[in-house]
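Here are some notes to read alongside the sequence and the model. Please keep both in view as you go through the points.

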Amino acid sequence: MDDVVDVPEYFTCPISLQLMRDPVTAVTGITYDRESIEHWLLDGKNATCPVTKQPLTKDSDLTPNHTLCRLIQSWCDENASQGIDCLPNPRTPLDRSCMLKLIGDIRCHRSEIETLRRIDMLAVENERNRNLMIEVGVPKAIISYVANCCDENRTIGLEEALHILVLLRVPSAPGNLLIGQNDRIIKTLTWVLGCEVDNCLAVRSHTLIVLERMFKAATSSVLERLKSEFFQTIIRLLRNGITQQAVNASLHILLDSCPWVRNRAMMVEHGAVFELIELELGFPEKKTTELILGVLFHLCSCADGRAQFMGHRCGIAVVSERILNVSQSADECAVFILSMLSKFSGNSMFVREMLMVRAVSKLGLLLQADCATYLKEKAREILKMHFDEWRKCPCIDDTLFTRVAR
């Protein structure tokens, strides 16, 4: 058995207890491995030096310890025969001047693709780089680049640009980034969603994630001015196939837009109800089902939405089947959808359909389930509305009507 080489204690990082590869000294005088101390400082819970417990903020200077680095490298060389790897050359940390130069290159159209790829690589590298990028205005520069692509109808660099925006968590990271620019950005991102580009799936997924974050931060004045073409594009993508993450982002966008009547009308106009039912028929994950039912609940509040719902032969079946099978949130939306249909679209076709797909029996099971009282009352209300028609059916258990009559 080979002898284990003991690493000198002063070569190890006090945080990771591993051999330091890029030693840096904090203002408290303690030396750490750069990656370990940067990760420590970027954690919002840590504001002190791990060793001395003195105050140490995330923007504290970290000075490369070149002497110690040379000593560690020399020790590694001496012990190479024992399986110790040589250290790579310490990397120079990203600084403001370097980042501002990259921004300038984008704005002046100098080697744009190479610059975007460089920024993308740096953003992937660590959170310190991402925070610096936000601080110096990279998100605004990237959004301007994408907007210029839209104006000039060119698609080169879109994949890299959108990936950077996702990594920097735009627009939620810089709160004032989108002030006065929302309409242009929505128009730009809608254009991107319709572009045919290489790696189209990734580009659309990243675009929808950025839009979702934007909608979470948007004011009502932005959401009430959305265009019909925007909803047409989102709904078309649900039909044509996108990643699961992008599907959920699209559904969040629709849900955040639903409080406005004109938005619901435009969604229905472009077939949102039909597409959502089709999507749910694919048995998506729990979160997706909750989002689908949430949007359907809003769209069924208007007559055209209910008509479109009743026009799909699987609408009532798929919604009633989800009751007691997904979550309380899904139960609530499903029951309220059936309630609106019962009140405003409760014709003979609805009455028959509810029996055929066993939705009446499912509501009866809800009355016996361990769920919220208001949901049981809503289910009882639906059953009472068509009590006389449904009680004639021999397939319905008589005890159901006993529970309804209570």
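1. Ring pairs link Tyr-10, Phe-11 and Trp-75 into a cluster, where rings of Phe, Tyr and Trp (its six-membered ring) pair if their centres lie within 6.5 Å, with planes under 30 degrees apart counted as stacked, over 60 as edge-to-face and the rest as tilted. The structure holds five aromatic pairs, and one of them, between Phe-11 and Trp-75, is edge-to-face at 6.0 Å centre to centre with 70° between the planes. This pair links distant parts of the chain, since Phe-11 lies in the segment before strand 1 (23-25) and Trp-75 in helix 2, 64 residues apart; helices (H or I, at least four residues) and strands (E, at least two) are DSSP runs, numbered from the N terminus.

2. This is a predicted model, in which local features need pLDDT of at least 70 and side-chain atom pairs count only at pLDDT 80 or more, while totals for chains, interfaces and linings use all residues. Residues are numbered from 1 along each chain as its sequence is written, and side-chain values use heavy atoms, leaving out hydrogens and water.

3. The mean pLDDT (the predictor's confidence in each residue, from 0 to 100) of the protein chain is 88, and 92% of its residues reach 70 or more.

4. Phe-11 and Trp-75 are both buried, meaning under 20% relative accessible area, with exposed over 50% and partly exposed in between (1.4 Å probe, protein chains only). Cys-69, also found in helix 2 (residues 66-78), counts as buried because its relative accessibility is 14%.

5. Seven of the 10 residues of helix 20 (residues 359-368) are buried, so this helix is largely enclosed by the rest of the structure.
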